[in-house]
Amino acid sequence: MANNNKLDMSDLTAALSAEDRAGLVNSLKDKLQNLAGHDSVVLENLTPAVRKRVEVLRDIQSEHDELEAKFFEERAALELKYQKLYAPLYAKRYDIVNGVVEVDGLKDNSATDQADGNSKEEKGVPEFWLTAMKTNEILAEEISERDKDALKYLKDIKWCRIDDPKGFKLEFFFDTNPYFKNSVLTKVYHMIDEDEPILEKAIGTNIEWLPGKCLTQKILKKKPKKGSKNAKPITKTEDCESFFNFFNPPPVPEDADDLDEEEAEELQNRMEQDYDIGSTIRDEIIPHAVSWFTGEAAEDDESDGVGEDDDEEISDEDEDEEMDDDEDDEIEDDDEVEEESKSKRKTKKNGISNGATGENGEKPPECKQQ
């Protein structure tokens, strides 16, 4: 088994065609050529000696970019290699979670429970994927109370890389349920640049909701006005928050020039949020589902954030100094109040009112808020 896991670079380079390898290098060269026009103005303003040094630096950069192309090539092949190695582990996880197989040592216990009268035995791990997703901070915000019962029927989540166009696909496998007909819901991400990454668009499955079971919309009933000929309540549907909106991503117009600045910014934010959810499912939930189910992954996330605000904490000595400063300020304020009261008494004797208005009815100037 150990020999099968050994990394063979010849296998990696074989995983990509010669055309794909050439495409990576050419893509980087094209980028460099596009940048050349922008660099020309800078180079013209340099002295001959400095320009010569920059030319050598550009040659070094070209060598780096060729190595980077090989890195991307080998990384893609390496990903493919390990996806194949992960597959049987994911299959075992699926069988246990969904009760297809039983783990060693439980069959005898089940027979004993039935003899004791505990005949009802739960199969697999109920609500496995729902619990794993709820434990993740990003996904928990997307799952509404109405979604939870439907997500209990989620049996498995898978992902795979796609090449034409570049990107990746998520697949959600559902058991027969009272909400929709689909057994598989998919979400495909098309990437302009996988390595940055830059999202071009996302495409989701059209969910075939059963009558009255749509979770992405809610039905509002309104009583008819008094005296109205129509005695029946008025009903209308309204979009609502739901995890299943994930399968209806924001559409990207063919011509971005049709959008104004505000619309373009809103679309960009929605696309970034959508990609964030998809990449979290791909990179966190699928490979580490058990840790998210048990809560261990969430604890690791929290421990990573510990100590970030330590610099902002104030020592006991600093607090004492601040308290002393506050006491000094209070003493100064008391002195000012006493002086002010003396001044008021003095002005009253001179016949000047300190009320909301003066003798001529004019209001004092308003104070600017700090």
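Which residues of helix α6 are buried? In this predicted model, the buried residues of helix α6, which spans residues 128–135, are Phe128, Trp129, Leu130, Ala132 and Met133. The cover over these buried residues of α6 is drawn from several elements, including the helices α4, α7 (137–140), α8 (145–151), α9 and α10 (289–294), together with the strand β1 (154–163).

One of the elements that cover α6 is helix α4, which runs from residue 48 to residue 97 and so contains 50 residues. At 1.5 Å a residue, a helix with this number of residues should span 74 Å, and the 69 Å that separates the end C-alpha atoms of α4 agrees with that expectation. The buried residues of α4 are Asp65, Ala69, Phe72, Glu73, Ala77, Lys81, Arg93 and Val97. An α-helix has 3.6 residues a turn, so residues three or four places apart point the same way. Just after α4, the backbone at Gly99 takes a positive phi of about 70°.

Helix α9, another of the elements that cover α6, comprises residues 261–285 and also contributes to the lining of the second largest pocket, to which it gives four residues, the most of any element. Ser279 is placed in this helix, and it is classed as buried because its relative accessible area is 10%, which lies under the limit of 20%. When residues up to four places away in sequence are not counted, Ser279 touches Phe168 and Glu284.

The second largest pocket itself holds about 620 Å³ of space. Of the 26 residues that line this pocket, those closest to its centre are Ser242, Phe244, Asn245, Phe246 and Asn248. By residue type, the lining of the second largest pocket divides into 11 nonpolar, nine polar and six charged residues. Rolling a probe the size of a water molecule over the atoms shows where empty space is left.

Cys214 is found in the loop between the strands β4 (198–204) and β5 (217–222). With neighbours within four places in sequence left aside, Cys214 is in contact with Arg146 and Trp209.

Definitions and conventions. Residues numbered from 1 in each chain as written. Predicted model: local features only at pLDDT ≥ 70, side-chain atom pairs only at ≥ 80, totals over all residues. Heavy atoms only, no water. 1 Å grid on protein atoms, 1.4 Å probe; cavity = no way out; pocket = protein on both sides within 12 Å on 5 of 7 lines; lining within 4 Å. Points joined across faces, edges and corners; volume = space filled by probe spheres on them. Helix = DSSP H or I, 4+ residues; strand = E, 2+ residues; numbered from the N terminus. Nonpolar A, V, L, I, M, F, W, Y, C, P; charged D, E, K, R; others polar. Expected span 1.5 Å × (residues − 1). Buried < 20%, exposed > 50% of the residue type's maximum accessible area, 1.4 Å probe, protein only. Contact = heavy atoms within 4.5 Å.
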